Amino acid sequence: RYTHLEEGLRELLRQQVLLRTSWPETTYQFRHSLIHQVAYEHLLSRFRRTQHRLAAQSLRRLYGDQAADHLEQIAHHYSHSDDRVNSIYYGLQAGQRAAQRWANRTALTWYERVLVYLESFVETPVTESEREQGVTAVQLQQWRVAALTEQGEVLVMVGEYEMAVTSYQQALGLVTDNPVFSIQQQADLLH
């Protein structure tokens, strides 16, 4: 009977990813150093994302009711984690906070990160865990409209009018004739 590890090693040997030596003791090594490097970086990347998620969760618990005073720190860790929902939620808040402080380039960076995370739902649909957190297609649309609208507002402030128009047009395309958004929300984008 093979353990899970032994089964994995056998499969990697079969695919000629690993080489096995038996003398003086059994060892395994990657057939090519590039395979070793990619595998190592992948593990490090996954480990880093997990550590960032844990750091963000710890900061939320540590600061409790004062977590809003530490939005940028929390958002930073979530944005480097594997938690798409909180990356979007805290990224939007960090963008709003930066815009309020007139840190326009920082705000734009946050909105761009949020839009990248939202785009990830196209390739990887909402997971069961994310559904349990309240993520729905409607929520994703609302977040996208918020990110695009707020991005557009900041782009106007920095004089990037053509890019602002593009952001507003994308947001308007999402809300026009969409029953999820009220007539008032649709009209707000037209002013």
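Predicted model: local features only at pLDDT ≥ 70, side-chain atom pairs only at ≥ 80, totals over all residues.
Residues are numbered from 1 along each chain as its sequence is written, and side-chain values use heavy atoms, with hydrogens and water left out.

**Exercise 1.** Determine how helix 4 and helix 5 are oriented to each other.

*Solution.* Begin with the helices, which are DSSP runs (H or I, at least four residues) numbered from the N terminus; helix 4 covers residues 84-100. Next, take the axes, which are lines fitted to C-alpha atoms over the stretch in contact, with angles from 0 to 180 degrees between N-to-C directions. The axes of helix 4 and helix 5 are 8 Å apart, at an angle of about 160°. Angles over 145 degrees count as roughly antiparallel, and helix 4 and helix 5 are therefore roughly antiparallel to each other.

**Exercise 2.** Describe how helix 5 and helix 7 pack, and name residues that meet.

*Solution.* First, helix 5 spans 104-123 and helix 7 spans 137-157. Their axes come within 9 Å and cross at roughly 155°, and the two helices are therefore roughly antiparallel. Then look for contact, meaning heavy atoms within 4.5 Å: the residues that meet include L108, Y111 and L115 in helix 5, and W143, L148 and L155 in helix 7. Finally, the residues of this contact divide into 14 nonpolar, two polar and four charged, where Ala, Val, Leu, Ile, Met, Phe, Trp, Tyr, Cys and Pro count as nonpolar, Asp, Glu, Lys and Arg as charged, and the others, Gly among them, as polar.

Terms used. Parallel < 35°, antiparallel > 145°, perpendicular 65-115°, else oblique.
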